[in-house]
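Welcome! Let us take a friendly walk through a protein model, one piece at a time. Keep the 3D view open as you read.

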Amino acid sequence: MDHQPKFFENLSGAGKAIAVLTSGGDAQGMNAAVRAVVRMGIYVNAKVYFIYEGYQGVVDGGDNIVEVSWESVSSILQVGGTVIGSARCKSFRTREGRLQAALNLVQRGITNLCVIGGDGSLTGANLFREEWSGLLEELAQKGKIDAEAVKKYAYLNIVGMVGSIDNDFCGTDMTIGTDSALHRIIEVVDAIMTTAQSHQRTFVLEVMGRHCGYLALVSALACGADWVFIPEYPPEEGWEDTMCSKLSENRARKKRLNIIIVAEGAIDCHNKPITSEKVKDLVVQRLGFDTRVTILGHVQRGGTPSAFDRILASRMGVEAVLALLEATPDTPACVVSLSGNQAVRLPLMECVQMTQEVQKAMDEGRFLEAVRLRGRSFENNLNTYKLLSHKRPDAELPKTNFNVAVLNVGAPAAGMNAAVRAAVRVGITEGHKIFAVIDGFEGFARGKIKEISWGDVGGWTGQGGSILGTKRTLPAKYLEKIAEQMRTNNINALMVIGGFEAFESCLQLHEARASFEEFRVPMCVLPATISNNVPGTDYSLGTDTALNAIVETCDRIKQSASGTKRRVFIIETMGGYCGYLANMGALAAGADAAYIFEEQFDIRELQANVEHLTEKMKTSIQRGLVLRNENCNENYTTDFIYQLYSEEGKGVFDCRKNVLGHMQQGGAPSPFDRNFGTKISAKAMQWISKKLKETYRKGKVFANTDDSVCLLGMRRRNLVFQPVAELKSETDFVHRIPKEQWWLKLRPLMKILAKYKTSYDVSDSGQLEHVAMLPKEAETGAI
């Protein structure tokens, strides 16, 4: 970065009052956003107010608008819904209602409003802002406020955050609550699959999404559903025949269950509704299959927020306060949103207009346009689903005569199987023969390799671990044997799915090309490890699942600690030398400290943390949570820190320790990992096909350039293929981590929310972007 870092210390909230409200339908993660707004507001010395019951509370005033303290938002991070309530409000839609609302805010000196809700709530906030000066003048004329107040509170600043499980707001990759809603859907689908398997049943699942098919589409992709109905992409005429023939084909292939997912707003191409009952009746009448309907309903809004939603909401809440502090009378009302893994600010009304454009396109039957307007991520999900769900007849498939081998390397990570499934199916669609290698490079050297078919990978997306088997062994000591196997099986390309070992393996094979011509073939690495320590990517497959496992355990531990009072837990996480899991786990679980290798610490810092917790025990929050990365320091071990805290905290708090261990590697993959694995794998296989065509000369594949051995990673906002040879200089091989890691920028966030004074670089925020200018390529931290 060549720019001078800009720190927010210069931004003071002294003399300012910020109010936060939640409006419209509730969504998991709203509380995390409320907590972040309150704590960041107090941190910059502003007064912060809760407004209870949404806009109704603004209109009613009185006890609905309350000044809050740091402790007011303690223990709400893990709670679903919204603790400050949300209500639909008719009176705010009238000018009289807004006049009363303005009076209630001015009486308390509030001119900064943070609104968490859907597009309706945000449009209402914008109208309020536009009318503000007129409303104040009217109040002055009526003698309810004086001329001084009109001057002092001349303008209202508004910042919005989108809380909606439907993910139906244009301009943001993921709205608060979407990821948690997907967790609920996938939990239900996984449970239904076991019973459907037992009875050879067909299940029709109805999910929420009156105007937006995001939840239906992504859950269909994540569970490999046979068919999906969404409002943006109605099925073609005669879909009934197509669907039924596909279902019976699947049964004929020995598939014991069928899953059909219907969005509640699904329509046909004549804009007529397609209901789950209608689909069920059709399957029963035409095929006679035993069919059941499950309507998920409000289950999707419930439950505890996922790790992703907590981190997203916390980041957005802090960004919203910064946006309010920097706002001037000329800045338009903005929405803080996520693009890739970056927080961005967008003009509120541009986003609302674009969101309304989608609905207009659907009403007018311009469905392809509606899909395009939903954004790149939605379009990719749809194309990937179409590619993977239906096998074209063999006669229609191209024949390339290329053989591609797929293998897993390193420790198991959730999402690996979803990636293998996508690779196999896309590879077959592209006309290649796909070979599965069992047990990594060790298995490869021993000839454990077999051709794998479309049907072999059915039902793999939801399976944890690695079905192909994986080993940490690097290829260097088996080069000759691996080359021989590649020659024997005529392997023309490799897809290696794994962690740091996968990256190192492909580097070794790349360097061995001089001695073995068998390695002069295209190779692609897909980063898959819970540690998130692979160079060239911001996210690795499996990290999200591990983070959710950590956060879930921390929630339980916090609950036990608040029961016993005055207790501090020291929790050790995995990750090798990479502190991602410890740091992000701490942010998502609301921990007091996280010790990581990337930020060296000494005994003075440990002492300061103990004192900080001693102070905390004097408040109403009498519990503490400290995370420690397993390799953060060779001398300050988990035992050492536990003993130090126990000794120094004597008489004030007692201590317990917990090593989370391999539970972080297990479990069913999260929706994020299933989809991320599926999408990057499909993209990687298409890249391999392109490289095979480019390097095929005189009857053989000859790929000898650096750019034929790449790692596919997510960088800021884009998915990019990077030659492993170029990534070498970005890597610390001793500690097996990248030299620069984006998430370290979020470290101060965790400290601020735990009440530590720190400096926070805000160079990346503050620029208002425009919706149309967001990169079209954005593949996103969205799924």
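## A pair of facing residues

Start with valine 204, which stands opposite isoleucine 260 in S8. Please keep in mind that this is a predicted model. The two strands involved here are S6 (residues 202-207) and S8 (residues 258-263), which run parallel and are joined by 6 bridges.

## The sheet around S6 and S8

Strands of a sheet pair through backbone hydrogen bonds, either parallel or antiparallel. In this open sheet of 4 strands, the pairing is parallel and the order is S7-S8-S6-S9. Which strands are at the edges? They are S7 (227-229) and S9 (291-295), each of which pairs on one side only. On average, and ignoring direction, neighbouring strands of this sheet are turned by 15° against each other.

Helices cover this sheet too. Helix H7 (residues 214-223) packs on the sheet and touches S6, S7 and S8, and its direction makes about 165° with that of S8. Helix H9 (residues 276-287) lies across S6, S7, S8 and S9, and runs at about 170° to S9.

Move on to another open sheet of 4 strands, where the order is S19-S20-S18-S21 and the pairing is parallel. Strands S19 (593-595) and S21 (654-659) stand at its edges with a single partner strand each, so one side of each has no neighbour in the sheet. Here neighbouring strands are turned by 20° against each other on average, direction ignored.

Inside this sheet, S18 (residues 567-573) and S20 (residues 623-629) pair in the parallel sense over 7 bridges. Helix H19 (residues 580-589) lies across S18, S19 and S20 and runs at about 160° to S20. Helix H21 (residues 638-648) also packs on the sheet, touching S18, S19, S20 and S21, and its direction makes about 165° with that of S21.

## Helices that cross

Two packed helices are described by the angle between their axes and the distance between the axes. Take H3 (residues 95-107) and H4 (residues 119-141): their axes come within 9 Å and cross at roughly 80°. The two helices are therefore roughly perpendicular to each other. Their contact includes Leu99 and Leu103 of H3, along with Phe128 and Trp132 of H4. Sorted by class, this contact of H3 with H4 has 12 nonpolar, 1 polar and 4 charged residues.

From H10, Ala307, Phe308, Arg310 and Ile311 meet Asp544, Leu547, Asn548, Val551 and Asp555 in H18. How many residues of each class take part in the contact of H10 with H18? There are 5 nonpolar, 1 polar and 3 charged residues.

## The nonpolar cores

Finally, look inside. The largest nonpolar core has 187 residues, and those with the most contacts inside it are Met161, Ile261, Leu494 and Phe519. Which helix gives the most to this core? It is H10, with 13 residues. Apart from this core lies another of 41 residues, among them Ala101, Trp132, Ala149 and Phe169.

Let us end with isoleucine 261. Leaving aside its neighbours within four places in sequence, isoleucine 261 is in contact with residues including Leu205, Val207, Ala216, Trp227 and Phe229.

Definitions and conventions
Residues numbered from 1 in each chain as written. Predicted model: local features only at pLDDT ≥ 70, side-chain atom pairs only at ≥ 80, totals over all residues. Heavy atoms only, no water. Contact = heavy atoms within 4.5 Å. Nonpolar A, V, L, I, M, F, W, Y, C, P; charged D, E, K, R; others polar. Pairing = 2+ DSSP bridges. Axes fitted to C-alpha atoms, helices over the stretch in contact; angles between N-to-C directions. Parallel < 35°, antiparallel > 145°, perpendicular 65-115°, else oblique. Core = buried A, V, L, I, M, F, W, Y, C linked by side-chain atoms within 4.5 Å. Buried < 20%, exposed > 50% of the residue type's maximum accessible area, 1.4 Å probe, protein only.
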